[in-house]
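Thanks for coming. I will go through one protein this morning, starting with the whole chain and ending with a few single residues. Please have the sequence and the structure open as I talk.

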Amino acid sequence: MKNTERRDAQMPYVSDEEVMEQQKKTRRILQQLNTVDISDFGRISELVKELFGKSQGAFVNPPFHCDYGFNIETGKNFYANYNCTILDVAKVKIGDNCQIAPNVSIYTAGHPLHPVARNSMYEYGIEVTIGDNVWIGGSSVILPGVHIGDNVVIGAGSVVTKDIPDWCVAAGNPAKVIRKITDEDMKYYYKDREFDEEAWAAVQKFAEQQK
C-alpha cells in the first residue's frame with residue numbers, strides 16, 4: 001500500500017514524498033490565510049472554504065494551522081478563534097454551531113510509545129469527532145481518537161483524552177465530566193449572572209424559533 005493509503009486507513013505510515021506534496025499544497029493556502037488583511041472577512045472565508053474538505057459558512061480567525069485541510073469537515077456556523085491548530089492526519093468531523101476559543105489544538109496525529117518504533121519514522125492518525133453545539137474553551141487540547149458529544153462545553157485549559165458524553169461540562173487534565181447541562185442553565189450568561197429582561201426576551205424568542 002502507498003503511505004497515503006495507509007494514512008487514510010488509520011494505519012501506521014511514513015511521511016514520504018507524496019505525503020509531503022499534499023502538505024505543500026495546504027501550506028500555500030495557509031500562507032495566504034495567515035498573511036491576509038485580517039479585516040478582509042470575505043477573503044478569509046473564501047480561503048477557509050478552499051482549505052477545508054467540507055464546510056458551511058465556516059470562519060477562522062488567523063493565524064490558523066493544519067496539516068491537510070481536506071480532512072477537516074465542519075457543519076453550519078463553525079467559528080475558530082485565533083491560533084487554532086488542527087493536525088488533521090485523520091478526519092476531524094465537527095458538527096453545527098461549534099465554537100473554538102483561542103489557542104485550541106485538535107490532534108489526530110501521534111507517534112508510537114516505544115522509542116525504537118517511534119524512531120522508525122512510522123506515525124499514525126486516528127480521527128476525532130465533535131458533535132453539534134460544542135464550545136471548546138481556550139488553550140484546550142483534544143487528543144487522537146476522542147469523540148465529544150452534542151451540547152458539550154470543554155473548560156479552558158483542558159486536555160481531553162477520552163470520550164465526553166452529550167449535554168455536559170468537562171474540564172481538567174485529563175478532562176472529566178464536571179456536571180450535566182440543564183434547561184435551568186439557559187437563563188445565565190456567566191456563572192450566577194442572569195440575562196437582563198431585554199436579552200432574556202431575545203433568548204426566549206430564539207429558543208422558540210429553534211423548535
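One definition before anything else: contact means heavy atoms within 4.5 Å.

Now the ground rules. This is a predicted model, in which local features need pLDDT of at least 70 and side-chain atom pairs count only at pLDDT 80 or more, while totals for chains, interfaces and linings use all residues. Residues are numbered from 1 along each chain as its sequence is written, and side-chain values use heavy atoms, with hydrogens and water left out.

Let's begin with the overall picture. The protein has five helices and 22 strands. Here helices (H or I, at least four residues) and strands (E, at least two) are DSSP runs, numbered from the N terminus. The radius of gyration is 19 Å, close to the 17 Å that the globule rule gives for 211 residues, so the protein is as compact as a globular protein of that length. That radius is taken over C-alpha atoms, and the rule is 2.2 Å times the number of residues to the power 0.38. Along its principal axes, the C-alpha trace spans about 60 × 40 × 25 Å.

How much of the protein is buried? Buried residues make up 37% of the 211. Buried means under 20% relative accessible area, exposed means over 50%, and partly exposed is in between (1.4 Å probe, protein chains only). The protein exposes about 12,000 Å², and carbon and sulfur atoms supply 53% of that area. Accessible areas come from the Shrake-Rupley method with a 1.4 Å probe; for residues, only the protein chains shown count as cover. Of the contacts with a separation of 6 or more, 25% are between residues 24 or more positions apart.

Next, the strands. Strands of a sheet pair through backbone hydrogen bonds, either parallel or antiparallel. For this talk, two strands pair if DSSP finds at least two bridges between them. Find the open sheet of five strands, with the order β2-β5-β8-β13-β16 and parallel pairing. β2 (54-56) and β16 (147-148) stand at the edges, each with a single partner strand, so one side of each is left without a neighbour in the sheet. Within this sheet, β5 (residues 72-76) and β8 (residues 92-94) pair in the parallel sense over three bridges. Ile 72 stands opposite Val 92 in β8.

Stay with β13 (residues 128-130), which holds Thr 129. Is Thr 129 buried or exposed? Thr 129 is buried, with a relative accessible area of 18%. Not counting residues up to four places away in sequence, Thr 129 touches Lys 93, Val 146, His 147 and Ile 148.

Val 153 stands opposite Val 169 in β19. β19 also pairs with β20 (residues 175-180), this time in the antiparallel sense over five bridges. In β20, Lys 176 is the bridge partner of Ala 171. A hairpin joins β19 to β20 through two residues. Pro 174 lies in that loop, and a cis peptide bond with omega of about 0° joins Asn 173 to Pro 174.

That brings us to backbone geometry. Most residues other than glycine have a negative phi, and most peptide bonds are trans. A cis bond also joins Pro 62 and Pro 63, with omega about 5°; Pro 63 lies in the loop between β3 (59-60) and β4 (64-66).

Where is a positive phi found in a residue other than glycine? Asn 103 is one of these, with phi near 65°. Asn 103 lies in the loop between β9 (99-100) and β10 (105-107), and counts as partly exposed at 37% relative accessibility. Lys 191 has a positive phi too, of about 45°. Lys 191 lies in the loop between β21 (188-190) and β22 (193-194) and is exposed, with a relative accessible area of 67%.

One more loop residue, and then I am done. Asn 81 lies between β6 (79-80) and β7 (84-87), and counts as buried at 16% relative accessibility. Leaving aside neighbours within four places in sequence, Asn 81 is in contact with Asn 61, Ile 100, Ala 101 and Pro 102.
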